[in-house]
Amino acid sequence: MKLLIVEDDKALAGELCAFLRRWGYETAVPARFDRIDEEFSGVMPQLVLMDINLPYYDGFYWCSQIRRFSQVPVIFISSRSDDRDKIMAIAQGGDDYVEKPFHLELLKAKIEAVLRRTYQYQVREQILVSQNLSYDGRSGTLYYDGAVVELTRLEKRIIRKLLENRPAVVSREELMMDLWDTDEYVSDGTLTTVVSRLRSKLKACCGEELIGTKKRQGYFIQTPAGAAPAVSGTIEGTVDQKGGIWHFPI
């Protein structure tokens with residue numbers, strides 16, 4: 001799913017992109033705010049996050065322009081709290097309105113709800129593996145910074161098993177039993193090779209050794225030191241790790 005974030009505050013737009021990419025979404029930010037309709041056509045997103053106070057023309061205008069040729073859902077994000085602004089947003093074709101400041105999890109829930117209503121989209125069961133690395137439990141797909149990490153069928157089985165049991169150790173015997181449930185022949189040496197290959201792929205993504213080995217016991221997924229949580233705090237030029245809310249100047 002690709003999201004277009006129409007927000008002229010570069011720092012805020014960057015933080016929103018980073019947060020949403022952790023959950024497997026592709027994101028784009030317009031390069032020109034006097035041609036939002038053209039930027040939209042170039043990106044072809046499945047959802048738009050639209051600020052109201054923008055250069056050249058406001059978000060109401062651009063939403064009405066997009067509605068001339070697309071029914072892609074638009075969620076307004078704004079510090080304006082007047083009910084008249086919220087009514088105007090819906091009247092111009094908006095699908096929802098999130099008032100700043102807002103919790104990041106609330107924004108994510110709003111996005112998922114609108115996508116479900118619009119596309120009968122079944123929200124992915126996302127597991128945050130590490131910074132910018134997430135696992136989709138429904139499809140068995142691994143994402144790094146929104147891009148798919150190519151895994152073989154056996155590698156998908158192993159990472160799923162390790163994540164289901166994280167942080168506990170999964171024995172080689174358990175992994176072998178799980179892999180035998182496929183139509184491929186798996187030997188003890190094959191397991192060692194597949195785990196080693198998977199470990200290398202994960203390290204290539206995030207630079208951390210995520211799969212640990214417990215001697216004579218098995219393997220486990222470990223959380224690297226300093227990894228960011230799935231949701232981080234507030235912004236007022238910086239991120240407040242305690243608040244859990246984004247604050248914006250009005």
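**Ground rules.** I number residues from 1 along each chain as its sequence is written. As the model is predicted, local features need pLDDT of at least 70 and side-chain atom pairs count only at pLDDT 80 or more, while totals for chains, interfaces and linings use all residues; side-chain values use heavy atoms, with hydrogens and water left out.

**Whole protein.** I looked up the secondary structure and found eight helices and 14 strands (DSSP runs numbered from the N terminus: helices are H or I, at least four residues; strands are E, at least two). Of the 250 residues, 49% count as buried (under 20% relative accessible area; exposed is over 50%, partly exposed in between; 1.4 Å probe, protein chains only).

**R67.** I found R67 in the loop between α3 (59–66) and β4 (74–78). R67 counts as buried because its relative accessible area is 17%. Leaving out residues up to four places away in sequence, R67 touches V72, P73, V74, Q92, G93 and D95 (contact means heavy atoms within 4.5 Å). I also checked V72: its backbone oxygen sits 2.8 Å from a polar atom of the R67 side chain.

**Y57.** Y57 is in the loop between β3 (47–50) and α3. I have Y57 down as partly exposed, because its relative accessible area is 43%.

Definitions and conventions. Polar contact = N/O pair within 3.5 Å; in protein donor to acceptor, adjacent residues only side chain to side chain.
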